[in-house]
Amino acid sequence: FVLRSPEWIATNTALQPQFARWSQAVNRRINRLQDLIGLGDSLYIHQIHHVPTPEGLSPEDVEAIIAAGRWAFVYSYNPDVGRFTGKALLKKVAEYMENARREEASRKESALKYILFSAHDSTLLSEMSALRAPLTGTNAPPYAASLHFGLFEAGPTNFYIRITYHDQ
């Protein structure tokens, strides 16, 4: 679904001329766009920790690889894919919220006060797509990004859920 899309093919084709040179510089085979996902992530980590990049890569090359890798990663969880991959966790969160709402509405003391799911950036991409607020382009969740679901009472039988995404 993803690898055969026109956008993926066009991006892969546009970057193809660089693959041989980049492969030689990083001593790693780069044959296709998806090979840039892990490499781009590694170069990004090197960049934020001021680790020298491989000789043979210009700063522009590094930025191009990071951007292409982030784009490919985010595009792999595009809204059509993310709605399906994020559905199970979103259903579980909704179930917890509904149970807490029911207990609060009936004034029962709920034992459940806080739930924490630990996840990867791919999970956040999936959940944001399932929520119909997809992250697109090169907007991959940065390290320590988080998604919060809060249940609030607006009256004795009126509740609402506030969802916040923190990416800074």
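How do the residues of the lining of the largest pocket divide into nonpolar, polar and charged? Good morning. The answer is 27 nonpolar, nine polar and seven charged. In that count, Ala, Val, Leu, Ile, Met, Phe, Trp, Tyr, Cys and Pro are nonpolar, Asp, Glu, Lys and Arg are charged, and the others, Gly among them, are polar.

A word on the basis of this talk. The model is predicted, with local features needing pLDDT of at least 70 and side-chain atom pairs counting only at pLDDT 80 or more, while totals for chains, interfaces and linings use all residues. Residues are numbered from 1 along each chain as its sequence is written, and side-chain values use heavy atoms, with hydrogens and water left out.

Let us begin with the pocket. A pocket is an open set of points on a 1 Å grid over the protein atoms alone, where a 1.4 Å probe fits, with protein on both sides within 12 Å along at least five of seven lines; its lining residues have an atom within 4 Å of a point. The largest pocket holds about 1,100 Å³ of space, a volume being the space filled by probe spheres set on the points, which are joined across faces, edges and corners. Among its 43 lining residues, Ile115, Phe117, Leu147, His148 and Phe149 are the closest to the centre.

Helices (H or I, at least four residues) and strands (E, at least two) are DSSP runs, numbered from the N terminus. At least two lining residues come from each of helix H2 (35–48), helix H3 (59–76), helix H5 (87–105), helix H6 (121–130) and strand E1 (146–155). With eight residues, E1 gives the most to this lining.

I turn now to H5. This helix of 19 residues reaches 26 Å from its first C-alpha to its last, close to the 27 Å expected at 1.5 Å a residue; the expected span is 1.5 Å times one less than the number of residues. Which residues of H5 are buried? They are Leu90, Val93, Met97 and Ala100, where buried means under 20% relative accessible area, exposed over 50%, and partly exposed in between (1.4 Å probe, protein chains only). These four lie on the same side of H5, because they cover an arc of only 90° around the axis, taken from the directions from the helix axis to the C-beta atoms. In general, an α-helix has 3.6 residues a turn, so residues three or four places apart point the same way. On the other side of H5, Ala88 and Lys91 are exposed. The buried residues of H5 pack against H6, E1 and strand E2 (158–166), contact meaning heavy atoms within 4.5 Å.

H6 comes next. Eight of its ten residues are buried, so H6 is largely enclosed by the rest of the structure. Its buried residues, including Leu124, Leu125 and Met128, pack against H3, helix H4 (79–85), H5, E1 and E2.

Within H4 we find Pro79, which is partly exposed at a relative accessible area of 24%. Leaving aside residues up to four places away in sequence, Pro79 touches Ser129 and Pro134.

Finally, some backbone angles. His50 has a positive phi near 55° and sits in the loop between H2 and H3, where it counts as exposed at 71% relative accessibility.
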